[in-house]
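Welcome, and do open the model in your viewer before reading on. The report below walks through the strands, the helices and a few individual residues.

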Amino acid sequence: MRFEVLGPVRVCTDTGEATLAPKPRAVLAVLLAARGRPVTAERLLAELWPDGAPSTASATLQMHVSALRKIVGDRMQAASGGYRLDLAGAGFDAAEFERTADLALWRGEAFDGVAAGPSVAAAAARLTELRLAARLQWAQHTLAAGRPAAAATELAGWVAEQP
């Protein structure tokens, strides 16, 4: 199983990319932002409904967790009044990027298309800063290697993307 957040949030299984509705995808995003640490049900409610949870939110959260569990199986675990996602032995593009700074892992903006609250926004901002640092390092190495045209081409695209 592979979890990806460096672009649209998705889960890839042996049979391909799993289809997730928006709220289960948001639950997944919050759990991936937590990186295996427990997330309380109250925190999940606040993340999924940042403007205030409806009266049916607790039951609805259970339904979304159940939908996610159908895809990730035993990796979805009850913990400390909430849930955690066991990432041991799974592929996780954000962790790979942090180890390798491989810009090819990126498919778009971090956590793209997920409507979730502050923890996902913070995780996305942190990954974006790491991406910018990796881009700068790549450009410096490319220039030092005497390939200014290659660096200029990439830098022009990056500046257009992030003025």
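Strand 2 is linked to strand 3 by a hairpin of two residues. Helices (H or I, at least four residues) and strands (E, at least two) are DSSP runs, numbered from the N terminus. Before we go further, please note that this is a predicted model: local features need pLDDT of at least 70, side-chain atom pairs count only at pLDDT 80 or more, and totals for chains, interfaces and linings use all residues. Residues are numbered from 1 along each chain as its sequence is written, and side-chain values use heavy atoms, with hydrogens and water left out.

Strand 2 and strand 3 (residues 16-17) are antiparallel and share two bridges; two strands pair if DSSP finds at least two bridges between them. Opposite Cys12 you will find Glu17 in strand 3. Strand 2 (residues 10-13) is also joined to strand 1 (residues 2-4), by three bridges and again running antiparallel. Here Phe3 has Val11 of strand 2 as its bridge partner. Strand 1 and strand 2 form a hairpin too, with five residues between them, and Gly7 in that turn has a positive phi of about 140°.

Another group of strands makes an open sheet of three, in the order 4-6-5, with antiparallel pairing. Strand 4 (39-40) and strand 5 (76-79) are at the edges and have a single partner strand each, so one side of each lacks a neighbour in the sheet. Helix 1 (residues 22-33) packs on this sheet and touches strand 4, strand 5 and strand 6, its direction making about 70° with that of strand 6. Contact here means heavy atoms within 4.5 Å, while axes are lines fitted to C-alpha atoms, for helices over the stretch in contact, with angles running from 0 to 180 degrees between N-to-C directions.

How many bridges join strand 4 to strand 6? There are two, and strand 6 spans residues 82-85. Within this pair, Thr40 has Gly82 as its bridge partner.

## Two crossing helices

Helix 2 (residues 41-48) and helix 3 (residues 57-72) have axes that come within 11 Å and cross at roughly 95°. Helix 2 is therefore roughly perpendicular to helix 3 (under 35 degrees is roughly parallel, over 145 roughly antiparallel, 65 to 115 roughly perpendicular, the rest oblique).

At the contact, Ala41, Leu44, Leu45 and Leu48 of helix 2 meet Ala57, Ser58, Leu61 and His64 of helix 3. By class, the residues of this contact are six nonpolar, two polar and no charged. Ala, Val, Leu, Ile, Met, Phe, Trp, Tyr, Cys and Pro count as nonpolar, Asp, Glu, Lys and Arg as charged, and the others, Gly among them, as polar.

## An aromatic pair

The structure has one aromatic pair. The ring centres of Phe97 and Trp106 are 5.5 Å apart and the planes stand at 90°, so this pair is edge-to-face. Rings of Phe, Tyr and Trp (its six-membered ring) pair if their centres lie within 6.5 Å; planes under 30 degrees apart are stacked, over 60 edge-to-face and the rest tilted.

Are these two residues buried or exposed? Phe97 is buried at 2% relative accessible area, and Trp106 is buried at 9%. Buried means under 20% relative accessible area, exposed over 50%, partly exposed in between (1.4 Å probe, protein chains only).

## Positive phi in two loops

Most residues other than glycine have a negative phi. Arg35, in the loop between helix 1 and strand 4, has a positive phi near 55°. Arg35 is partly exposed, at 26% relative accessible area.

Ser80 lies in the loop between strand 5 and strand 6. Its phi is positive, about 45°, although Ser80 is not a glycine. With a relative accessible area of 61%, Ser80 is exposed.
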